[in-house]
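Please look over the sequence and the model shown here, then read the points below.

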Amino acid sequence: MYTVQAPNDVVALDAATGRPFWTYAYTPAPEGRPCCGRVNRGLAILGDTLYMGTIDAHLIAVDAKSGKPLWNTVVANARDRYSITSSPTIVKDKVIIGTGGGDGPIRGYIAAFDAKTGKEVWRFYTIPGPGEPGNDTWSGDSWKTGGVGVWNAGAYHPETNLVFFGTGNPAPDWDGSTRLGDNLYSDSVVALDADTGKL
C-alpha cells in the first residue's frame, strides 16, 4: 500500500501488517510555501511507477518497488507562488496535474506530462489569454495574475476522452475591483481533450 505524509514523502507499507517497506523523502525548496498549509492530497500510479506533485510545484516519478526517484520535472516556479497540492490524474500514457497557488498572483494552468519521461505534452491555462475565448471577462491585464488554481485531482471519462477539473477562485479573492468581469474560467469545471488539452 502506498500513501503520503506531509509535506512530500511517499511511504510504502505492508497492507496486511502496516510495516513500512521504504520511504521516499522529498525536501521542497524553501520558497515552496503554499498559502494554506503544507498539504499533499495523494499519489497516482501507472504500472510500477508512482507520481506525486510537490508543494514547490514539481512532479516526481518514483519506482513503486524500490522507492527510488525516476524523474523530477519542474511544473512551475515556486518563487512565483505556484504549488501543487493535488494528486495527479493518469490518462493513458499521461500524468495530468493542475497548479495550486490561486490565492496569489499566478496564472493557473493544467498540464499533461509523458509518464515515462516527465516531458510536458500540453498545457491549458485556466485564465484565457488575449485572443482566446473568455479573455474579455478579465479587465485590463488582470488575466496575467488572476489566480484560478487547481486544488484537486481531475476525473477522466473514457468514452468521450475528456478529463474534468474543478478550478478555484480568482485573485485577489477579497477585492475584485482590479479584475472586473466574470473572470473565466474561475470557480468552474473545465472539460479538456485528454490527448491535446483543448477546451
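S83 counts as buried because its relative accessibility is 2%, where buried means under 20% relative accessible area, exposed means over 50%, and partly exposed lies in between (1.4 Å probe, protein chains only). The model is predicted, so local features need pLDDT of at least 70 and side-chain atom pairs count only at pLDDT 80 or more, while totals for chains, interfaces and linings use all residues. Residues are numbered from 1 along each chain as its sequence is written, and side-chain values use heavy atoms, with hydrogens and water left out.

**Surroundings of S83**

- S83 sits in the loop between strand 7 (69-74) and strand 8 (89-91); helices (H or I, at least four residues) and strands (E, at least two) are DSSP runs, numbered from the N terminus.
- Leaving aside residues up to four places away in sequence, S83 touches P34, T54, I55, A57, T99, G100 and G101, where contact means heavy atoms within 4.5 Å.
- Y82 touches I55, A57, A76, N77, T99, G100, I106, R107 and Y109, again not counting residues up to four places away in sequence.

**Nonpolar cores**

- The largest nonpolar core has 17 residues; such a core is a set of buried Ala, Val, Leu, Ile, Met, Phe, Trp, Tyr and Cys residues joined through side-chain atoms within 4.5 Å.
- Which elements give two or more residues to this core? They are strand 6 (58-63), strand 9 (94-98) and strand 10 (109-114).
- Strand 10 gives the most to this core, with three residues.
- A second, separate core of 13 residues includes V91, I96, I110 and Y185.
- Back in the largest core, the residues with the most contacts inside it are Y51, L59, V75, Y82, Y109 and F113.

**Aromatic rings and charges**

- How many aromatic pairs does the structure hold? There are five, counting rings of Phe, Tyr and Trp (its six-membered ring) whose centres lie within 6.5 Å; planes under 30 degrees apart count as stacked, over 60 as edge-to-face and the rest as tilted.
- The pair of Y51 and W71 is tilted, because the ring centres are 5.9 Å apart and the planes stand at 45°.
- Y51 lies in strand 5 (residues 49-53) and W71 in strand 7, so this pair ties together parts that are 20 residues apart in sequence.
- Both Y51 and W71 are buried.
- The pair of Y109 and Y125 is edge-to-face, because the centres are 5.4 Å apart and the planes are at 65°.
- This pair links distant parts of the chain, with Y109 in strand 10 and Y125 in strand 11 (residues 120-125), 16 residues apart.
- Are Y109 and Y125 buried or partly exposed? Y109 is buried, with a relative accessible area of 3%, and Y125 is partly exposed, with a relative accessible area of 27%.
- Y82, Y109 and Y125 form one aromatic cluster.
- R107 lies over the face of Y125, at 3.8 Å from the ring centre; a charge sits over a ring if NZ of Lys or CZ of Arg is within 6 Å of the ring centre and within 35 degrees of the ring normal.
- R123 lies over the face of Y109, at 4.0 Å from the ring centre.

**Sheets and hairpin**

- Four strands form an open sheet in the order 8-9-10-11, with antiparallel pairing; two strands pair if DSSP finds at least two bridges between them.
- Strand 8 and strand 11 are the edge strands of this sheet, and each pairs on one side only.
- Three bridges join strand 8 to strand 9, which run antiparallel, and T89 has I96 in strand 9 as its bridge partner.
- Another open sheet of four strands has the order 4-5-6-7, and its pairing is antiparallel.
- Its edge strands are strand 4 (44-46) and strand 7, each pairing on one side only.
- Strand 6 and strand 7 run antiparallel and are joined by five bridges; the bridge partner of I60 in strand 7 is N72.
- Strand 2 (residues 9-13) and strand 3 (residues 20-25) run antiparallel and are joined by five bridges, and D9 has A25 in strand 3 as its bridge partner.
- Strand 2 and strand 3 form a hairpin with six residues between them, and G18 in the turn has a positive phi of about 85°.
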